[in-house]
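Dear colleague,

I am handing over the structure that we talked about, and my notes on what was found in it follow directly below. Please read them with the model open beside you.

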Amino acid sequence: MVRKIQVSKRAAEMNYAIREVAVPAAKLAAEGKKLSMFNIGDPNKWDFETPSYFKTALRKSVDHTDNGYGDSQGNLEFREAIVDREYEKHGVTIQKENVFVTSGVGEAINLLMGALVENGDEILVPGPGYPSYMQYINFFGGKTVPYKMIEEEDWRPDVDMLRSRITDKTKAIVVINPNNPTGAVFSEKDLRAIGDIAAEFELPIISDEIYDKITEVPFYSMSRLPSDVSRIVLNGFSKVNLMPGWRVGYGYVMDESGMLSDVMDGVMKQCRARICPNVPCQWAAQASLQGPQDYIVDMNRRLKDRAEFSYERLNEIPGISVNKPKGAFYMFPKVELTDWKTDKEFVLNLMEEEGVVFVHGSGFCEEFGQGHFRTITLPRVEILADAYDKLERFMIRHKA
């Protein structure tokens, strides 16, 4: 009899909802069912394409570089380009020494939580919010403490609740803006209020801004907060730069007080342990920062049209209601759970009957995501229309 090694508790309990729903979807596809996959925010799976000069730069990079190991923190020229780009976008001055390059924002979250969290530590996260934060906080023995996004107020953060949930175990506050999964863009007033709370309680802010150029309203970066707020800003190239498969991200620390010096030392140690980020992709991503940015205007125009269509169409469907998004490419509709005990059961039932794949809202927050699902605004209008016609047929059938 072969000995079976038991999986670690921390790995067994990981449950990244966005891709977990792909498992039953793959089974249905193998059985011949045609599926509309609306679960992953990958623009390149639709009619958005990596700009040609990015691709040319990547091809050239293989000849330009020696294809050996790079700097563990990220190549110096690339970090300098990131410094320039952040100044251009937000008017903030950061130091190249405080920038670290990662394999997407996902690795940055992993590195930060690995350096920040001990058993029992608490991290405040938006609810609903991107599930990788919850997964890595829990993976390292911490506790995810959600603060509510107020649906009736365009999913703005409940700043009073955030304050009320701070304890002596709180280690950091996470902000995801523009927000995944709701598509909300937070106001400067609310973000400054969060900054004031962070300064008052001497807590650092981790600000995920990967959708910062995909907005319909002005965007306020947490990098612009007063210097008494210690923060780490995360960004990457998967969304705005249309390079999801290239897996290039970055973070930078703004910490005049020195509150985060030991934590960042821990991040850098992990960077050295993983050797280095992809060298040719860094070289090509640098070119994407320094070349024409006009493709973003076209991307936002198309996304706006598709979001407006989705908003109107979803609100026509019995049992479905949704707020209009102001950024990113997601929507987070509320669903009346008539024939289903949970939103996950709803999503799986819809998948089985109509072949439309959404992500259950509780996968983004057990407390504040229940009774919702996440959809995307990336497909062309005719594809969205077909999926939402199926959703309407499904809802009518189950409400009859």
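In which sense do strand E7 and strand E8 pair, and over how many bridges? Strand E7 (residues 205-208) and strand E8 (residues 231-236) run parallel, joined by four bridges, and Ile-206 is found opposite Ile-232 in E8.

Before the rest, a word on conventions. The model is predicted, so that local features need pLDDT of at least 70 and side-chain atom pairs count only at pLDDT 80 or more, while totals for chains, interfaces and linings use all residues. Residues are numbered from 1 along each chain as its sequence is written, and side-chain values use heavy atoms, with hydrogens and water left out. Helices (H or I, at least four residues) and strands (E, at least two) are DSSP runs numbered from the N terminus, and two strands pair if DSSP finds at least two bridges between them.

The eight-stranded sheet

E7 and E8 belong to an open sheet of eight strands with mixed pairing, in the order E2-E9-E8-E7-E6-E3-E4-E5. Strand E2 (99-102) and strand E5 (156-157) are the edges, each with a single partner strand, so one side of each has no neighbour in the sheet. Helix H5 (residues 76-90) packs on this sheet, where it touches E2, E8 and strand E9 (249-254), contact meaning heavy atoms within 4.5 Å, and its direction makes about 110 degrees with that of E2. Helix H10 (residues 261-273) also lies across E2, E8 and E9, but runs at about 40 degrees to E2; such angles run from 0 to 180 degrees between N-to-C directions, and the axes are lines fitted to C-alpha atoms, for helices over the stretch in contact.

E2 and E9 run antiparallel and are joined by four bridges, with Gly-251 in E9 as the bridge partner of Phe-100. Val-99 and Val-101 point one way from E2, Phe-100 and Thr-102 point the other way, and all are buried (under 20% relative accessible area, with exposed over 50% and partly exposed in between, for a 1.4 Å probe and protein chains only).

The three-stranded sheet

A further open sheet has three antiparallel strands in the order E11-E15-E14, and its edge strands, E11 (330-331) and E14 (359-360), each pair on one side only. E11 pairs with strand E15 (residues 373-376) in the antiparallel sense over two bridges, and Met-331 stands opposite Thr-375 in E15.

Helices packed on H14

The axes of helix H13 (residues 343-354) and helix H14 (residues 381-399) come within 11 Å and cross at roughly 110 degrees. The two are therefore roughly perpendicular (65 to 115 degrees; under 35 counts as roughly parallel, over 145 as roughly antiparallel and the rest as oblique). Residues in this contact include Phe-346 and Leu-350 of H13 and Leu-391 and Phe-394 of H14. By class, the contact of H13 with H14 has five nonpolar, two polar and five charged residues (Ala, Val, Leu, Ile, Met, Phe, Trp, Tyr, Cys and Pro count as nonpolar, Asp, Glu, Lys and Arg as charged, and the others, Gly among them, as polar).

Helix H12 (residues 295-314) packs against H14 at an angle of about 15 degrees, with the axes 10 Å apart, which makes H12 roughly parallel to H14. Among the residues in contact are Phe-309 and Arg-313 of H12 and Leu-384 and Tyr-388 of H14.
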